[in-house]
Amino acid sequence: RFFDGRLNLDATWYRSDTKNQTIEVPLSATSGYTKMYCQSGNVRNWGMEFALGFNNTWGDFSWSSNLTYSFNKNKVTELLNDYVDPDTGEHYSVNLIEKGGIDACQYLLTEGGTMGDLYVKTALKRDQNGNVLIENNNVVLETLKTPKKVGSVLPNGNLGFRNDFTYKGINLGFMLSARFGGIVLSQTQAYMDKFGVSETTAIARDNGGVPVNNGLVDAEAYYTTVGGSNGLLEDYVYDATNVRLQELSLGYTLPAKWFNDVVKINLSVVGRNLWMIYCKAPFDPELSASTSSNYYMNVDYFMQPSLRNVGFNVKVQF
């Protein structure tokens, strides 16, 4: 704390290791079973949190401000290495675990990766010179033998900036929030492209087709192939960075003398998620298609759009 407590700084560093997690291990057919469960593996999280605050009063006016920034680094340091079955003496290792996904996208856990690594299973087929293969005046899509990593859905950092002002019973507050880095994937956009009902396909039709190699491919033929949930999902990956006005409030505290100093009443109007200031993705990156699993986060599959909320609060203190 500095300047008689008007300025304060807080910094936190942490690291945690989550070990001996339940891992499903496939067994050979000769064992008579298809799988077994082992307790192994290690997932490490470490990060830092910073908070810088300021508050001061000048006569009837006061200002309180708080800026916070945090980041978390997630890493799968171990899965299953040379586990020995105590009954049979057989050795087992697991270096890849498939988690949830939708059609041509999949979450995969690998040693050295993160819990949020997203992979796609398709790509444009290319010739030996690296050019996109064209057959029957259309591109050719192939299923990859090894899925391709397109990024991690986990953010690089999060920021919040809160300010509160008061003057003779009037209080005004607002909070800005920001998320930096990570990716999101929109299968909604992929389906809209497939059926030709998106702005992207309209522009392609107006331009006479989609540029591929040194020519144009018919827009309908192209997007019918690359669109949809089993299409070229790599084209539907977006930066999840976003900045928004998370909250805005305006209130008034009624003079206590009106109530013989027995009760204190504050009336306020509060709005949340009011303004998306910056966002590259075609949907709100903070939404999730499902809350039933950690492995559907940041994948848009015909989700409802995010909403603004405005409410009226009455606070009574005795």
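Strand S8 and strand S11 (residues 141–152) run antiparallel and are joined by seven bridges; strands count as paired if DSSP finds at least two bridges between them. Helices (H or I, at least four residues) and strands (E, at least two) are DSSP runs numbered from the N terminus. This is a predicted model, in which local features need pLDDT of at least 70 and side-chain atom pairs count only at pLDDT 80 or more, while totals for chains, interfaces and linings use all residues. Residues are numbered from 1 along each chain as its sequence is written, and side-chain values use heavy atoms, with hydrogens and water left out.

- S8 (residues 117–124) is largely enclosed by the rest of the structure, because seven of its eight residues are buried (under 20% relative accessible area; exposed is over 50%, partly exposed in between; 1.4 Å probe, protein chains only).
- S8 also pairs with strand S7 (residues 105–110) in the antiparallel sense, over three bridges, and cysteine 105 has valine 120 of S8 as its bridge partner.
- Six residues separate S7 and S8 in their hairpin, where glycine 112 in the turn has a positive phi of about 90°.

- S2 and strand S3 (residues 61–78) run antiparallel and are joined by 17 bridges, with asparagine 56 opposite tryptophan 63 of S3.
- The hairpin of S2 and S3 has two residues between the strands, and glycine 59 takes a positive phi near 65° there.
- S3 is also joined to strand S12 (residues 157–167), in antiparallel fashion, by ten bridges; phenylalanine 61 stands opposite tyrosine 167 of S12.

**Serine 40**

- Serine 40 lies in strand S2 (residues 35–58) and is buried, with a relative accessible area of 11%.
- A polar atom of the serine 40 side chain lies 2.8 Å from the backbone oxygen of leucine 79.
- Beyond its neighbours within four places in sequence, serine 40 is in contact (heavy atoms within 4.5 Å) with Asn20, Gln21, Ile23, Glu78, Leu79 and Leu80.

Terms used. Polar contact = N/O pair within 3.5 Å; in protein donor to acceptor, adjacent residues only side chain to side chain.
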